[in-house]
Amino acid sequence: MNDTKGTTTDRIEKKVLLRAPRSKVWRAISDSAEFGTWFGMKVDGPFVPGKKMRGVIVPTTVDAEVAKMQKPYEGKEFELQIEKIEPERLFSFRWHPYAVERDVDYSAEPTTLIVFQLDDVEGGVILTVTESGFDQIPLARRAKAFQANEGGWGKQMELIKAYVTGAYNSGDPDAGTKAIGAR
């Protein structure tokens, strides 16, 4: 569904140029531990196509300001359904968007699909993240989920860029040299 400005209410798309080797960017999005470090979550094992996983929100270690924004949701559990893993090209999963209220059961709601796609460009890799399916979310929370995730994916693009380049802002002046992402 489109509004009069030509923007969609069903799909969020964000792109970022990452000046890092494709293999490093791939690990950052497809290795569950690395993903969790920059994204701000801990999951119960490696990402495997077809696998339903439990995750918990833990503040990112990549940026102190974003970690503060995530802090109120720390410990909130959620579910991921891993869809596809096409090595060094595409990773996708489903989840319940903006499912942050602790006393709400979101399990009966439809999920949205998140796709991470890598494309080579001169000097690096373009990461495109798309989340689609918001028009299926119950009307009572659709707009808020879309708005929250629109802003959230913008922040996540900054986090992965900092992670793969080692340019951390964790509040620790030496973090960029000590961090996992600075390998």
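**Figure 1. Helix 4 and its span.** The 27 residues of helix 4, residues 139–165, should span 39 Å at 1.5 Å a residue, and the end C-alpha atoms are 39 Å apart, so expectation and model agree. The model shown here and in every view below is predicted. Just after helix 4 comes Gly166, with a positive phi of about 80 degrees. Thr165 belongs to helix 4. Thr165 is partly exposed, because its relative accessible area is 41%. Leu18 sits 147 residues from Thr165 along the chain, yet their C-alpha atoms are separated by 7.9 Å.

**Figure 2. The whole fold.** The protein has 5 helices and 7 strands. Along the sequence they follow the pattern β-α-α-β-β-α-β-β-β-β-α-α. Of the 183 residues, 46% are buried. Take the contacts between residues at least 6 apart in sequence: 57% of them join residues at least 24 apart. The accessible surface comes to about 9500 Å². Carbon and sulfur atoms account for 53% of that surface.

Figure 3. In soluble globular proteins, nonpolar side chains tend to be buried together. The largest nonpolar core here has 41 residues. Those with the most contacts inside the core are Trp38, Leu80, Phe93, Phe116, Leu127 and Ile160. Helix 4 gives the most to this core, with 9 residues. Which residues does Trp38 contact, leaving aside its neighbours within four places in sequence? The list is Ala28, Ile29, Thr60, Val62, Phe116, Gln156, Leu159, Ile160 and Tyr163. Two of these partners, Phe116 and Ile160, are in contact with Trp38 and are also named among the core residues with the most contacts.

**Figure 4. Lys76, a buried charge without a salt bridge.** Lys76 lies in the loop between helix 3 (64–70) and strand 4 (77–86). Lys76 is buried, yet has no salt bridge. How far away is the nearest side chain of opposite charge? That side chain is Glu77, at 7.5 Å. Beyond its neighbours within four places in sequence, Lys76 contacts Gly55, Val56 and Ile57, among others. Its other contacts of this kind include Ala99, Val100, Glu101 and Arg102.

Figure 5. Side chains of opposite charge can pair when their charged atoms come close. The structure holds 12 salt bridges. In one of them, Glu13 pairs with Arg11, and the closest N and O atoms are 3.0 Å apart. Glu13 counts as partly exposed, because its relative accessibility is 40%. Arg11 is also partly exposed, at 39% relative accessibility. In another, Lys68 pairs with Glu65, and the closest N and O atoms are 3.5 Å apart. Lys68 and Glu65 are 3 residues apart in helix 3, so about one helical turn separates them. Is Lys68 buried or exposed? Lys68 is exposed, with a relative accessible area of 57%. Glu65, at 46% relative accessibility, counts as partly exposed.

**Figure 6. Arg94 and Glu83, a bridge between strands.** The side chains of Arg94 and Glu83 meet in a salt bridge, 3.7 Å from N to O. Arg94 lies in strand 5 (residues 90–95) and Glu83 in strand 4, so the pair ties together parts that are 11 residues apart in sequence. Arg94 is partly exposed, with a relative accessible area of 28%. Glu83 is partly exposed too, at 33%. A network of salt bridges also links Lys52, Arg54 and Glu79.

Figure 7. Val48 lies in the loop between strand 2 (41–43) and strand 3 (52–57). Its relative accessible area is 36%, so Val48 is partly exposed. Where does Val48 stand relative to Glu83? The two are 35 residues apart in sequence and 8.2 Å apart in space, C-alpha to C-alpha. Leaving aside its neighbours within four places in sequence, Val48 is in contact with Ile82 and Ile85. Strand 4 covers residues 77–86.

How values were computed. Residues are numbered from 1 along each chain as its sequence is written. This is a predicted model: local features need pLDDT of at least 70, side-chain atom pairs count only at pLDDT 80 or more; totals for chains, interfaces and linings use all residues. Side-chain values use heavy atoms; hydrogens and water are left out. Helices (H or I, at least four residues) and strands (E, at least two) are DSSP runs, numbered from the N terminus. Buried means under 20% relative accessible area, exposed over 50%, partly exposed in between (1.4 Å probe, protein chains only). Contact means heavy atoms within 4.5 Å. Accessible areas come from the Shrake-Rupley method with a 1.4 Å probe; for residues, only the protein chains shown count as cover. The expected span of a helix is 1.5 Å times one less than its number of residues. Lys and Arg count as positive and Asp and Glu as negative; His and the chain ends are not counted. A salt bridge is a side-chain nitrogen of Lys or Arg within 4 Å of a carboxyl oxygen of Asp or Glu. A nonpolar core is a set of buried Ala, Val, Leu, Ile, Met, Phe, Trp, Tyr and Cys residues joined through side-chain atoms within 4.5 Å.
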